[in-house]
Amino acid sequence: MDLKTLIRDIPDFPKPGILFRDITTLLKDAEGLRYTVDAFAEKCAPLAPDFIVGIESRGFIFGTPLAYKMGIGFVPVRKAGKLPAAVHSVEYELEYGTDKLEIHQDALLPPGSNVLIVDDLIATGGTAAAAGKLVEHSGSKVAGYAFLVELKDLDGRRHLPDVPIVTLVEY
Ligand code: AMP
């Protein structure tokens, strides 16, 4: 299936010069949604993860059904101040300023678990790299990453550890 036909391009969102890859049009397509989750599951199976970590918020949308399908648990990485129990935090660079991501300290147990990190899209790679640091701070291992969309020109991969990266659509 050509998933690109289900992803909508919105120019100048959220600000001028950004071409936003809108996946809501894929999500509402029953076949597209099923195909996406099934393709992730097939390609990620060799990584043998113990947990899926999904990055707020669109990483939750794909990460949770993927965890269900793979028969493993799902752990959210959230923006600062959203998780109620004790957290690990990591600050990362944005185009202007910094942002913070958090994970529950007791989410990835036992230590040494294999973790697959999921998001809808990799652009500069800063968000995914920060999620990887949270996994490492938790004492677990990043087994790999899975993104529906990769923006190749930005070469976000260079910020990620040397682990397998699964992508389904490239621009
Ligand atoms: P980055 O940290 O630059 O790799 O940005 C990744 C995060 O920003 C992901 O959670 C994406 O959902 C979002 N994002 C960045 N660029 C785009 C884009 N062109 N279209 C849609 N989402 C984007």
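1. A salt bridge here is a side-chain nitrogen of Lys or Arg within 4 Å of a carboxyl oxygen of Asp or Glu. Glu150 is buried at 3% relative accessibility, and Arg157 is partly exposed at 31%. For these words, buried is under 20% relative accessible area, exposed over 50%, and partly exposed in between (1.4 Å probe, protein chains only). Lys152 joins Glu150 and Arg157 in a network of salt bridges.

2. A word on how to read the values: this is a predicted model, where local features need pLDDT of at least 70, side-chain atom pairs count only at pLDDT 80 or more, and totals for chains, interfaces and linings use all residues. Residues are numbered from 1 along each chain as its sequence is written, and side-chain values use heavy atoms, with hydrogens and water left out.

3. The structure has seven salt bridges. One of them pairs Arg21 with Asp9 at 2.8 Å, N to O. Arg21 belongs to strand 2 (residues 19-22) and Asp9 to strand 1 (residues 8-11), so this pair ties together parts 12 residues apart in sequence. Helices (H or I, at least four residues) and strands (E, at least two) are DSSP runs, numbered from the N terminus. Arg21 is buried, at 13% relative accessible area, while Asp9 is partly exposed, at 38%.

4. Another salt bridge to look at is Asp38 with Lys69, whose closest N and O atoms are 3.1 Å apart. This pair links distant parts of the chain, 31 residues apart: Asp38 sits in helix 2 (residues 30-44) and Lys69 in helix 3 (residues 58-70). Both count as partly exposed, Asp38 at 29% and Lys69 at 48%.

5. Now for the ligand. Of the 14 residues around the ligand, those that come nearest are Asp119, Asp120, Thr124, Gly125 and Thr127; a residue counts as near if one of its heavy atoms lies within 4 Å. Strand 7 (114-122), strand 2 and helix 4 (126-137) each supply at least two residues of the shell, and strand 7 gives the most, with four.

6. Backbone atoms also face the ligand. A polar backbone atom of Leu19 is 3.0 Å from a ligand nitrogen. A backbone N or O atom of Gly125 lies 2.8 Å from a ligand oxygen, and one of Gly126 lies 3.4 Å from an oxygen atom of the ligand. The protein covers 81% of the 490 Å² of accessible area that the ligand has on its own (Shrake-Rupley method, 1.4 Å probe).

Terms used. A polar contact is a pair of N or O atoms within 3.5 Å; within protein, one must be able to donate a hydrogen and the other to accept it, and residues adjacent in sequence count only if both atoms are side-chain atoms.
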